[in-house]
Amino acid sequence: MSTATPTASAAPAAPLRLPIEGMTCASCAGRVDRALRAVPGVEAVVVNPITHAADVRPATVDARALAEAVEAAGYAVTRGEITLRIDGMTCASCVGRVERALRAVPGVIDASVNLATERARVVVPAGDDEALVARLVAAVADAGYAASLPDDASASSAEAGAGDTARPARALDRERLHLIAAIVLTLPLVVPMLALPFDRDWMLPGWLQLLLATPVQFWLGARFYRAAWGSLKARSGNMDLLVALGTSAAYGLSVFHLGQPAPHHGHAPLYFEASAVVIALVLLGKWLEARAKRQTTEAIRALQALRPTHARVRRDGREIEVRASEVVVGDVVVVRPGERIPVDGTVLEGDTHADESLITGESLPVAKGAGDRVTGGAVNGEGLIAVTTTAVGAESALARIVRLVEDAQAAKAPIQKLVDRVSAVFVPVVVVLALLTLLGWGLFAGDWNAAILNAVAVLVIACPCALGLATPTAVMAGTGVAARAGILIKDAEALEIAHSVRTVAFDKTGTLTEGRPVLVAQVAVEGDEDALLARSAALQQGSEHPLAKAVLAAFAARNEDGGAAPTARDVRAVAGRGLRGTVDGRKLLLGSRRMMAEAGIDTAPLAARADALSHEGCTVSWLGEPGLAEADGVAPRLHGLLAFRDPPRAHAAQAIDELRRLGVRTVMISGDNAGAAGAIARVLGIDDVRADVLPEQKADAVHALGQDGRVAMVGDGINDAPALAAADVGIAMGTGTDVAMHAAGITLMRPEPGLVADALDVSRRTVRKIRQNLFWAFAYNVVGIPLAALGLLDPVVAGAAMAFSSVSVVSNTLLLRRWSPRRIA
């Protein structure tokens with residue numbers, strides 16, 4: 001343990017505690033201590049290798065810098081995450097301000113805010129978050145917004161999820177009521193303006209215009225003043241500030257003219273309709289935006305709707321109905337025909353078909369019988385079944401899917417960083433341009449009325465809101481439609497990177513093939529195939545390896561009278577090679593040709609037969625006996641070979657064709673011999689084959705492929721996890737291991753290679769939408785602001801352009817909802 005004396009104080013403030021991973025001794029503690037002391041601002045450090053924690057004073061030191069220092073020393077800070085709902089944000093500038101406020105809170109490592117989901121994700125050192133949440137909420141309030149824990153932060157039931165998703169519906173109703181009120185009050189101001197080109201003077205008296213415009217300005221527009229004031233207090237700007245400044249200028253100018261003596265001819269120049277229409281149009285934009293944003297979250301709501309609220313459980317010999325949240329692992333749940341299965345589990349009794357379409361994207365019901373796994377949320381078909389519960393609540397497959405989709409929708413795509421930088425300076429720049437417009441028209445043209453109106457137009461056409469929505473709404477829509485098709489995208493970065501993938505590398509077994517090989521040939525050197533099979537089965541008793549299952553199935557089929565395989569002792573797996581053990585007193589090896597060569601066993605007697613089988617696409621395993629000590633006179637001996645064939649998955653060849661149509665090169669990376677891998681590759685049309693690749697070499701193979709462009713790796717096993725992590729985009733088969741799915745950025749919920757092309761396609765379409773949205777968002781401002789400054793845009797037209805820039809961005813995004821996966825027949 002290392003210590004430093006803190007500065008003397010009557011009541012020293014609590015230190016910042018960092019949980020440290022990887023410390024094993026006092027030497028580790030010393031390295032962490034030195035790393036933390038080197039961070040600017042650190043006054044004292046206490047590192048405890050027993051509790052695996054470091055206390056740093058003062059607590060106000062930058063937590064991100066501390067975490068980076070620990071990582072540079074070879075250790076890691078254990079991190080937690082707090083999710084907050086943020087209310088009151090209207091544009092990208094708001095996002096930047098909330099992020100800055102959260103990052104300034106002591107103990108925060110990082111913070112990311114999403115305008116479309118109205119959520120903030122705050123990364124902090126793992127530990128007691130209750131006091132930190134209060135500080136985060138206070139910081140957001142000081143920035144002019146409201147923060148709270150989401151409704152589902154402390155509950156995982158269907159009701160909690162429904163409560164949280166009901167908030168957008170209430171917001172939509174409120175926006176609609178405000179819009180209706182604004183239209184009712186604004187129409188009498190607009191209609192006379194529309195009649196002027198027809199020589200109709202329907203202009204209302206000035207006092208009546210004031211009466212109609214005032215509630216629009218200060219009641220319906222109060223939100224803009226509140227948000228603008230919060231923005232000014234935080235010494236920054238946002239869309240609300242622009243709207244408040246612009247409409248107040250038009251309203252104030254009209255009030256000023258109304259108080260002046262009336263001219264001898266005509267009416268005083270009043271602009272109440274401009275201020276009222278701008279606010280009404282912004283409210284229209286907000287309503288359309290809220291409506292569209294609600295549609296982009298349909299995928300989440302559809303998944304949450306699958307959660308049954310009650311379950312029928314067998315307890316004490318009878319069936320009772322309980323809340324789904326009260327079911328525990330091990331309970332037997334009874335599901336009647338037509339009901340939704342309330343838990344993840346294994347079928348104990350009965351046969352049925354389950355409709356899992358909303359979970360896996362599989363359109364056809366799947367047959368389920370005793371021993372088969374079922375997923376909570378699927379619809380039970382025609383049979384009555386009893387299910388043994390294996391997962392409930394937050395650990396269920398449905399909850400994990402919802403969590404994955406929510407995390408992906410809340411994350412920021414890399415391209416969003418550019419938008420954030422632009423948004424940080426956008427509002428101040430617009431205010432300066434409006435001021436220059438005012439002074440330019442007033443001082444040089446001498447027309448202060450036109451100067452004010454043109455400055456108002458500059459203020460109201462600027463739309464940081466569209467910039468803020470361009471990326472997150474597209475990410476939400478893209479991840480949503482992908483989830484509906486059975487493609488789970490873990491984060492926005494994977495979604496964005498996947499569009500530029502030029503090479504897709506596949507693992508062979510279980511990915512392109514069924515993963516259930518069958519034994520198709522056994523060749524014994526001395527002709528005794530029964531003995532060859534029996535010894536091989538003995539070595540593989542109890543193994544879960546697919547080849548072992550094929551050997552045991554073949555042995556059982558050949559010995560239908562119930563004959564048992566010999567007993568094997570000292571069985572050990574040899575990584576990347578095979579198995580070794582003792583059967584009937586003989587030390588045996590079962591594995592690859594490389595294993596035989598390393599043991600000095602000559603495979604030449606069966607080499608021709610093995611090569612022929614490999615060329616036919618078979619995987620060949622060898623059974624041999626290593627030599628003993630020279631004094632014993634026992635030479636290495638080959639017993640025979642076993643040949644396995646793993647049939648390709650249905651539609652795998654069509655899936656490769658789809659990738660080729662997308663301009664993507666395909667590569668197979670396999671531990672099998674070149675003949676077996678090449679045979680499968682020829683059948684499927686794979687462009688390139690890397691055979692005889694050991695598990696630890698797969699990541700290196702992926703790195704090598706990456707020299708020609710971005711690479712996606714598709715796999716399903718534990719041994720694929722390093723390669724999945726090494727790839728630019730890892731894609732895991734949902735039927736594979738949890739390790740593979742954690743290492744991957746994209747998970748396919750059913751074992752269909754065709755979904756790989758669909759994942760790349762939805763990524764390309766989403767990125768295309770992001771670019772289109774950003775183009776339109778920038779175009780409105782780049783084109784509109786100069787036109788407004790030159791006096792070529794009326795404030796009403798400018799307000800309409802500003803409102804509809806957001807609407808056009810979100811509406812363009814909603815076109816993604818038309819996407820559907822290719823159906824490979």
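How many bridges join strand β9 to strand β10, and do the two run parallel or antiparallel?

Reply: The model is predicted, so local features need pLDDT of at least 70 and side-chain atom pairs 80 or more, while totals for chains, interfaces and linings use all residues. Numbering starts from 1 along each chain as its sequence is written, and side-chain values use heavy atoms, without hydrogens or water.

Strands β9 (residues 310–315) and β10 (residues 318–323) are antiparallel and joined by six bridges; pairing requires at least two bridges in DSSP, and strands are E runs of at least two residues, helices H or I runs of at least four, numbered from the N terminus. A311 faces V322 of β10. Two residues separate the strands of this hairpin, and D316 in the turn has a positive phi of about 55°. β9 also runs antiparallel to β11 (residues 332–335), through three bridges, with V334 in β11 as the bridge partner of R312.

The whole structure holds four aromatic pairs (Phe, Tyr or six-membered Trp ring centres within 6.5 Å; planes under 30 degrees apart are stacked, over 60 edge-to-face, the rest tilted). One of them, F218 with Y251, is edge-to-face at 5.2 Å centre to centre, with 90° between the planes. F218 belongs to helix α6 (residues 206–220) and Y251 to helix α8 (residues 239–258), so this pair ties together parts 33 residues apart in sequence. F218 is partly exposed at 44% relative accessible area, whereas Y251 is buried at 11% (buried is under 20%, exposed over 50%, partly exposed in between, with a 1.4 Å probe and protein chains only). Y251 also pairs edge-to-face with F272, at 5.6 Å centre to centre and 70° between the planes. F218, Y225, Y251 and F272 make up one aromatic cluster.
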